[in-house]
Amino acid sequence: MADWEQKAAKKRQALRDSIPSEWIIPAELLPDESVQDVTKFPETSGWFTSEELAITNSNVLDLLPKLASGELKSETVTRAFCKRAAAAHQLTNCLSETCFSRGLETAKKLDEHLARTGKPIGPLHGLPVSLKDNFNLKGLDATVGFVSHIGDAAPYDSALAALLEAAGAVFYVKTNVPTAMMIAESVNNVFGRTVSPLNRNLTSGGSSGGESALIAFGGSPIGVGTDIGGSLRIPAACTGIFTLRPSFGRFPTLRCRSGMPGQEAVQSVNGPLARTLPDLALYCAIVVGAEPWLADPRCLPIPWRETRLPARLRIAVMWDDGMARPTPPVTRALQTAVDKLRAAGHEVVDWSSEDQLQGAALLQRMFVADGGSAIRREIERSGEPWRPEMEAYRTATELSTSDMWALHLERVEFQRRYLERWNQAGIDAILCPTTPYSSVENGKFKHVGYTGVYNVLDYSCMSFPTGITVDAQVDKAPSDYKPMTDLDATIQSEYNAEKVHGMPINLQLVARRLEEEKVVAMTQVVLDALV
């Protein structure tokens with residue numbers, strides 16, 4: 001066994017050993033590997049108490065008032081989510097780090113403070129919150145999928161973690177990501193592959209796929225991920241949950257670990273993943289309400305604003321991005337949403353995909369502008385092999401400084417032209433697929449164009465479940481399909497309705513830059529129409 005393999009195996013064993021014996025699923029209750037949907041395991045196994053199920057099935061808005069009043073002890077709530085997170089990991093491989101002792105100690109202190117003063121610590125008092133692996137927590141690794149970062153424990157908490165903890169949040173787990181956080185599925189040489197709890201043959205997405213799997217299983221009431229090309233929206237779509245990709249500057253990013261440190265041509269942002277839209281909206285109001293611009297110099301001093309929408313929205317629908325059409329169930333969900341929005345009195349117009357190809361190309365060129373050297377450096381430090389998904393970084397050619405400056409100018413011109421077209425159309429939002437898929441089999445995810453273009457533009461985006469699921473009888477692949485590109489041909493040829501039957505279908509709603517409040521409010525309008 002190579003040295004890198006030994007280090008990775010030791011790290012995986014340490015993660016397994018960090019789970020207390022009482023939270024190890026008894027062998028006789030462990031679902032067989034052939035069982036695809038494990039989301040029902042907590043209710044059907046008999047291993048969880050009724051109190052644990054009641055707690056972990058509750059939404060954030062249900063839990064917070066009970067925690068603030070003392071009706072529920074934070075220690076009790078934290079312990080329940082620790083157990084369910086431990087189960088989630090054993091069934092989906094979703095965690096990268098545990099800090100159960102830290103979480104329970106924090107919870108006890110919060111309970112003691114409430115008992116002594118009668119006052120909660122903050123608006124998130126006692127609430128367990130899960131974090132993506134790249135959020136530094138003191139004393140824990142943030143490997144971001146690199147063997148070279150094993151044992152490199154963080155000396156401090158990230159700015160967002162400090163803000164959340166000051167608001168009363170309890171940290172107990174960090175979640176798995178792909179190598180460098182640059183793959184649309186969560187797989188790496190350290191921890192391996194995270195799968196969807198809804199169907200373990202399918203991906204939970206990437207790069208925040210550990211978060212999406214954990215939340216979809218009920219192992220976290222709310223979690224935080226990041227997004228540089230779709231890394232929040234893709235996992236949310238693969239597991240049927242909500243997420244917000246905010247514009248850069250709304251939420252703090254300071255002191256997080258990057259897979260490509262110093263890459264700022266397209267900014268990485270962070271945002272919440274949650275099971276309900278109200279939970280997500282509350283998180284946003286709390287984080288922005290804590291004035292993060294006082295802790296992170298790149299945060300913008302913009303408070304969370306009240307939004308008044310027009311009674312009749314003007315929404316542009318982009319049916320495809322000109323590179324890959326969505327698979328049949330996603331097209332059906334998009335058509336349903338359009339029909340119901342029109343029936344509810346909203347104006348829906350078509351949006352041309354004419355700019356999408358250039359936007360996607362810009363994103364890819366910015367990602368590999370350093371010739372893959374940042375990623376190569378970490379891979380060579382440990383001797384781990386290049387994963388096949390990282391081939392574009394392995395073979396990239398580094399741009400000169402002048403070429404990079406020219407690329408920045410091209411990006412700004414692209415942003416100007418897109419905004420001008422938006423303003424001339426007089427639209428409030430774009431409704432489009434999040435990905436070509438509802439979800440897809442492990443190892444087969446291709447194409448981040450539907451999400452990545454809006455990273456280049458730095459627009460505010462929501463990925464949200466429509467309430468529609470894949471029906472294998474309805475969503476069959478057409479026999480006479482004529483692909484628009486080679487990529488499209490591959491995606492459509494690999495589509496198998498039976499494999500994704502029953503999976504939730506997300507769509508994406510896009511607003512302009514720094515319109516986070518508006519896109520949250522407009523998502524509720526779409527959900528109301530879909531009912």
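Analyst: **The largest pocket**

Six residues in the lining of the largest pocket come from H12, the largest share. The model is predicted, so local features need pLDDT of at least 70 and side-chain atom pairs pLDDT 80 or more, while totals for chains, interfaces and linings use all residues. Numbering runs from 1 along each chain as its sequence is written, and side-chain values use heavy atoms, without hydrogens and water.

The pocket (an open set of points on a 1 Å grid over the protein atoms alone, where a 1.4 Å probe fits, with protein on both sides within 12 Å along at least five of seven lines) holds about 650 Å³ of space, counted as the space filled by probe spheres set on the points, which are joined across faces, edges and corners. Its lining has 32 residues, each with an atom within 4 Å of a point. Nearest the centre lie Met-182, Ile-183, Ala-184, His-447 and Val-448.

Helices H12 (356-367), H14 (391-394) and H16 each give two or more residues to this lining; a helix is a DSSP run (H or I) of at least four residues, numbered from the N terminus. Domain 1 (3-20 + 49-294) and domain 2 (314-530) each supply at least three lining residues, with bounds from an automatic or database assignment. By class, the lining has 18 nonpolar (Ala, Val, Leu, Ile, Met, Phe, Trp, Tyr, Cys, Pro), five charged (Asp, Glu, Lys, Arg) and nine polar residues (the others, Gly among them).

H16 also meets H15: Arg-411, Phe-414, Gln-415 and Tyr-418 in H15 contact (heavy atoms within 4.5 Å) Val-453, Tyr-454, Val-456 and Leu-457 in H16. Six of these residues are nonpolar, one is polar and one is charged.
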